[in-house]
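Here are my notes for a first look. Please keep the model open while reading.

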Amino acid sequence: MTRHQDNPIVILISRLLSPFIMLFALYVIFHGHYSPGGGFQGGTMLAASILLIRLSMGSEIAQLQFKRSWGTRLGSTGVLIYFATGLFAMLMGGTFLNYRFLSLSKLPEYSRSYGILLVEIGVGLAVMGILVAIYDDLLEGDPDD
Amino acid sequence: MKIVNLFILLAFFFLMIYASAGLPDRGNNRARMNQEKSLAGSPNAPSYYIHYAERDTHTPNMVTVILADYRGYDTLGEETVILTAGLICFLILRKKKKQR
């Protein structure tokens, strides 16, 4: 089996493709209010764009893009963003996860809309971090990765 | 003992198949869960979502509203499940540093 790192075509194509996948993933997350999409789908695509670099260049070079230890940290941060959104709504006088009380806007309906966006960002970060972390954990100790 | 397990699983499988034959078809508008009002006369949850989801949140995508707003607790639980799966992979697969 030839070493995949030596193939310039694979490296070039994946380097070209990865930013566009990432851009489309951000579109899916932030446009989830108006079209099919949301945090879970966008997070999966963000993870796919990072894993593409890992697969084509090998894990060692890909550490420059996304370090091995960031995965679980990012996942925990995403869950904390979600939880903090709910808790902040509770501190502002409402009930848990009632975005109306976030008072991000004068109209309560728009406040709920922005609350949904915050939550989706949290979900996207968590899904992306955890998927990359699972990939790294599976490759742990593999000399040929 | 294994043959008993096999028979229990097979019996459970056929029980599930038999039970699923009694469910209403998907999209059947005569089914109770797809009616406008429930048995008690109050509006059903799906008709409430269809009527008021955009008024409540100014978000045209009803699926996003149900997922992140009306069913926010559920999505928080799903996210926690994903985090737990990642942490379990971390605990099982990550090599410990050798102390020799």
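1. Accessible areas come from the Shrake-Rupley method with a 1.4 Å probe, and for residues only the protein chains shown count as cover. On that basis chain A exposes about 7600 Å². Carbon and sulfur atoms supply 71% of this area.

2. This is a predicted model, in which local features need pLDDT of at least 70, side-chain atom pairs count only at pLDDT 80 or more, and totals for chains, interfaces and linings use all residues. Residues are numbered from 1 along each chain as its sequence is written, chains are lettered from A and ligands numbered from 1 in the order in which they are written, and side-chain values use heavy atoms, with hydrogens and water left out.

3. Chain A has 5 helices and 0 strands. Helices (H or I, at least four residues) and strands (E, at least two) are DSSP runs, numbered from the N terminus.

4. The C-alpha trace of chain A spans about 60 × 30 × 20 Å along its principal axes. Of the 145 residues of chain A, 45% count as buried (under 20% relative accessible area, with a 1.4 Å probe and protein chains only).

5. Now look at chain B. Helix H2 (residues 45-57) has a kink of about 45 degrees, centred on B:His51. The bend at a residue is the angle between axes fitted to the seven residues ending there and the seven starting there. After H2(B) comes B:His58, with a positive phi near 55 degrees.

6. Buried residues of H2(B) include B:Tyr49 and B:Ala53. What do the buried residues of H2(B) pack against? They pack against helix H5 (108-138) of chain A together with helix H3 (62-70) of chain B; contact means heavy atoms within 4.5 Å.

How values were computed. Buried < 20%, exposed > 50% of the residue type's maximum accessible area, 1.4 Å probe, protein only.
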